[in-house]
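Here are my notes on the model, point by point. Please read them with the structure open.

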Amino acid sequence: ISRKPGFIGFTPYRNRDRHYQQFLQRFNEARVLSGLEQLENLPDFASEHVVDALLALTMGLSAVSPENRRNGTEIMKKIIGLEFNGVSGPVSFTPEGDRKDAVYSIFNFYEDDWQNVGTVADEVGSAVIDLDAVCFIGMACGIVPSDMYPIPPARLPRWVAVVISIIAVVLVAVLLHYFCLANEKKKL
């Protein structure tokens with residue numbers, strides 16, 4: 001992701017509900033038993049989705065008979081039918097196997113840090129953005145730049161270009177004439 005001031009980026013939504021907190025607590029308990037320090041949050045934005053993907057795969061495998069566990073089509077049918085509260089939020093899938101009702105966090109990079117400024121889902125009109133928190137380069141926070149492009153300056157009319165060209169040709173002719181006269185005087 002770019003680190004340019006004013007940049008707006010999207011990442012998978014970071015859920016912080018009860019299921020996330022319970023998982024983080026169990027995760028930290030396992031870390032302590034392994035001699036590692038506890039974490040305030042899971043390492044990155046993808047962590048919650050990886051955990052939920054593994055849970056979905058495990059549930060899908062558990063739902064098929066042992067002799068069908070090598071049959072990807074059967075496993076996929078079971079995964080597509082799943083609905084559960086995961087670490088990343090509610091988990092369910094479309095008939096194609098994509099995450100259903102996906103939500104993304106909207107971040108704005110300003111003053112050397114990413115600020116969470118809203119969320120957006122996969123439905124038109126689902127964006128919730130705190131425009132007062134969005135900062136753009138060269139502007140104060142909360143001021144949204146115009147979505148209109150600046151109007152380019154008007155082009156010169158064709159006749160102006162013709163007149164300028166004629167003046168340039170006449171100027172060159174006068175300078176050549178003057179140069180030729182100066183050379184003739186030197187010869188005399």
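1. Burial terms first. Buried means under 20% relative accessible area, exposed means over 50%, and partly exposed lies in between. By that scale Phe 7, with a relative accessible area of 33%, is partly exposed. Keep in mind throughout that this is a predicted model.

2. Aromatic pairs. The structure holds three of them. In one, Phe 7 and Trp 114 have ring centres 6.0 Å apart and planes at 80°, so the pair is edge-to-face. The cut-off for that label is over 60 degrees. Phe 7 lies in the segment before β1 (8–12), and Trp 114 lies in strand β5 (residues 113–121), so the pair ties together parts that are 107 residues apart in sequence. Trp 114 has 24% relative accessibility and therefore counts as partly exposed.

3. A stacked pair. Phe 23 and Phe 27 form an aromatic pair with 6.0 Å centre to centre and 15° between the planes, which is stacked. Both residues lie in helix α1 (residues 18–33). They are four residues apart, about one turn of the helix. Phe 23 counts as buried because its relative accessibility is 17%. Phe 27 is at 28%, so it counts as partly exposed.

4. The ring cluster. Which residues do ring pairs link into a cluster? They are Phe 7, Phe 109 and Trp 114. The edge-to-face geometry given above belongs to Phe 7 and Trp 114.

5. A charge over a ring. The charged end of Arg 16 sits over the ring of Tyr 20. The distance to the ring centre is 4.4 Å.

6. The salt bridge. How many salt bridges does a search of the whole structure find? It finds one. The partners are Lys 77 and Glu 74, with their closest N and O atoms 3.6 Å apart. The cut-off is within 4 Å, so this pair qualifies. Both residues lie in helix α3 (residues 72–80), three residues apart, about one turn of the helix. Lys 77 has a relative accessible area of 53%, so it is exposed. Glu 74 has 26% and is therefore partly exposed.

7. Backbone at Asp 101. Most residues other than glycine have a negative phi. Asp 101 is not a glycine, yet its phi is positive, at about 55°. Where is Asp 101 placed? It is in the loop between β3 (89–92) and β4 (103–110). Its relative accessible area is 47%, so Asp 101 is partly exposed.

8. The loop between β2 and β3. Val 87 lies in the loop between β2 (83–86) and β3. Ser 88 lies in that loop too, between β2 and β3. Is Val 87 buried or exposed? At 4% relative accessibility, Val 87 counts as buried. Ser 88 has a relative accessible area of 6%, so it is buried. The side chain of Ser 88 makes a polar contact with the side chain of Arg 99, at 2.9 Å. As for Val 87 and Arg 26, they are 61 residues apart along the chain, and their C-alpha atoms are separated by 12 Å.

9. Ser 62. This residue is found in helix α2 (residues 47–62). Its relative accessibility is 53%, so Ser 62 counts as exposed. What does the side chain of Ser 62 reach? It reaches the backbone oxygen of Thr 58, at 2.9 Å. Ser 62 and Lys 78 are 16 residues apart in sequence, and their C-alpha atoms are 9.2 Å apart in space.

10. The nonpolar surface patch. Val 162, Ile 166, Val 170 and Val 174 form a nonpolar patch on the surface. Together they have about 340 Å² of accessible area. Val 174 is found in helix α4 (residues 158–187). With 48% relative accessibility, Val 174 counts as partly exposed. A patch residue needs over 30% relative accessible area, so Val 174 passes that test.

Definitions and conventions
Residues are numbered from 1 along each chain as its sequence is written. This is a predicted model: local features need pLDDT of at least 70, side-chain atom pairs count only at pLDDT 80 or more; totals for chains, interfaces and linings use all residues. Side-chain values use heavy atoms; hydrogens and water are left out. Patches are made of residues with over 30% relative accessible area and no salt bridge: like charges are joined within 9 Å, nonpolar side chains (Val, Leu, Ile, Met, Phe, Trp, Tyr) within 5 Å. Accessible areas come from the Shrake-Rupley method with a 1.4 Å probe; for residues, only the protein chains shown count as cover. A salt bridge is a side-chain nitrogen of Lys or Arg within 4 Å of a carboxyl oxygen of Asp or Glu. Helices (H or I, at least four residues) and strands (E, at least two) are DSSP runs, numbered from the N terminus. Buried means under 20% relative accessible area, exposed over 50%, partly exposed in between (1.4 Å probe, protein chains only). A polar contact is a pair of N or O atoms within 3.5 Å; within protein, one must be able to donate a hydrogen and the other to accept it, and residues adjacent in sequence count only if both atoms are side-chain atoms. Rings of Phe, Tyr and Trp (its six-membered ring) pair if their centres lie within 6.5 Å; planes under 30 degrees apart count as stacked, over 60 as edge-to-face and the rest as tilted. A charge sits over a ring if NZ of Lys or CZ of Arg is within 6 Å of the ring centre and within 35 degrees of the ring normal.
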